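Open the model in your viewer and keep the selection tool at hand. Each stop below says what to select and what to look for there.

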Amino acid sequence: TELYGSFKPVEQDLGPPGFKNVFASVIGDHPELFWLDTSYECLYDPFGKCVEVNLNFNRTAEDLDTAKAEFDAAAGEILSAAGELGSNYEKERYVHDALAENTEYDSNAEMDQSAYSALVNGRTVCAGYSRAMQYLMQQLNIPCYYCTGYAGEDHAWNIVRLDDDFYNVDVTWDDPLTDCLGRAKHLYFLKSSIAYSLDQFLNSSELASIVSRNWGGFSFVNS
């Protein structure tokens with residue numbers, strides 16, 4: 001697979017803020033692009049028009065076919081089991097638990113902004129948990145969005161849609177801090193934005209305003 005690290009943008013009238021939004025949208029909506037770093041460089045002419053974009057790739061780009069096979073195999077194991085379940089709620093909970101139970105939080109994890117770091121390496125930070133969750137939900141045809149905000153520090157989690165309502169899901173915070181593999185919590189599973197705000201979550205997503213209730217109208221307890 002050949003990757004092109006530099007290209008000329010079709011729309012050159014975008015200034016730095018505009019292109020930043022475009023790039024963030026692509027990265028935020030396509031977790032399958034795990035080989036693409038979340039940083040880039042733009043070259044601008046004297047009039048402020050972007051004339052060249054340079055992308056950055058992580059080490060998986062060196063042997064992308066192998067990396068894709070590893071990624072698909074790891075994701076496929078979870079998807080195969082989740083696909084056997086009846087409801088979207090059951091599928092969503094299974095994926096949430098599988099990620100929390102089999103992934104360790106590691107601030108020094110390699111490629112920690114990618115879904116690959118969670119699914120293949122099993123070590124990541126909030127971005128990796130959230131992008132892995134998003135990818136798996138997408139494959140199960142359950143709408144799921146990558147959401148960023150602030151919770152004492154920059155943070156990422158997900159917003160999922162179940163039965164015509166939207167809910168917050170934070171796999172990172174449902175993974176025990178002791179990194180007890182094989183255990184998942186549900187304190188931040190299918191919760192409203194009001195519930196999240198009690199833990200100082202400041203949501204930067206426009207979707208936050210429509211996440212108005214907990215699943216079933218009640219809160220899950222630790223399990």
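Start in a loop. Select Asp 163, which lies between strand S7 (154-162) and strand S8 (165-169). Helices (H or I, at least four residues) and strands (E, at least two) are DSSP runs, numbered from the N terminus. Asp 163 has a phi near 50 degrees, a positive value in a residue other than glycine. Most residues other than glycine have a negative phi. Asp 163 is exposed, at 63% relative accessible area. The scale is this: buried is under 20% relative accessible area, exposed over 50%, partly exposed in between (1.4 Å probe, protein chains only).

A word on ground rules. This is a predicted model, in which local features need pLDDT of at least 70 and side-chain atom pairs count only at pLDDT 80 or more, while totals for chains, interfaces and linings use all residues. Residues are numbered from 1 along each chain as its sequence is written, and side-chain values use heavy atoms, with hydrogens and water left out.

**Another positive phi**

Select Leu 190, in strand S9 (residues 189-191). Its phi is near 55 degrees, again positive in a residue other than glycine. Is Leu 190 buried or exposed? Leu 190 counts as buried, at 0% relative accessibility.

**The whole chain**

Zoom out and colour by secondary structure. The chain has six helices and 10 strands. Of its 223 residues, 44% are buried. Now consider contacts, meaning heavy atoms within 4.5 Å. Among those between residues at least 6 apart in sequence, 56% join residues at least 24 apart.

Select helix H3 (residues 88-102) and helix H5 (residues 126-139). They pack at about 145 degrees, with axes 10 Å apart. Axes here are lines fitted to C-alpha atoms, for helices over the stretch in contact, and angles run from 0 to 180 degrees between N-to-C directions. H3 passes H5 in a right-handed crossing. For handedness, take the near helix against the far one: turned anticlockwise by less than a right angle is left-handed, clockwise is right-handed.

Show side chains at this contact. H3 brings Lys 91, Glu 92, Val 95, His 96 and Leu 99, and H5 brings Tyr 129, Ala 132, Met 133, Leu 136 and Met 137. By class they are seven nonpolar, one polar and two charged. Ala, Val, Leu, Ile, Met, Phe, Trp, Tyr, Cys and Pro count as nonpolar, Asp, Glu, Lys and Arg as charged, and the others, Gly among them, as polar.

From H2, pick Phe 71, Asp 72, Ala 75, Ile 78 and Leu 79; from H5, pick Tyr 135, Leu 136 and Gln 139. That contact divides into six nonpolar, one polar and one charged.

The crossing of H2 and H3 is right-handed. Ile 78, Ala 81, Ala 82 and Gly 83 of H2 meet Lys 91, Tyr 94, Val 95, Ala 98 and Leu 99 of H3. The classes are seven nonpolar, one polar and one charged.

**Ala 100**

Stay on H3 and select Ala 100. Ala 100 counts as buried, at 0% relative accessibility. Which residues does it touch, leaving aside neighbours within four places in sequence? Val 171, Asp 174, Asp 175, Arg 183 and Ala 184.

**Rings**

Select the Phe, Tyr and Trp residues. The whole structure holds eight aromatic pairs. Rings (for Trp, the six-membered one) pair if their centres lie within 6.5 Å; planes under 30 degrees apart count as stacked, over 60 as edge-to-face and the rest as tilted.

Focus on Phe 23 and Tyr 40, a tilted pair with 4.4 Å centre to centre and 45 degrees between the planes. Phe 23 is in helix H1 (residues 16-29) and Tyr 40 in strand S2 (residues 36-44), so the pair ties together parts 17 residues apart in sequence. Phe 23 is buried, at 9%; Tyr 40 is partly exposed, at 23%.

Then select Phe 34, Trp 35, Phe 71, Tyr 116 and Tyr 135, which form one aromatic cluster.

**Charges over rings**

Last stop. The charged end of Arg 131 sits over the ring of Tyr 146, 4.2 Å from its centre. The charged end of Arg 93 sits over the ring of Phe 189, 5.9 Å from its centre. The test is NZ of Lys or CZ of Arg within 6 Å of the ring centre and within 35 degrees of the ring normal.
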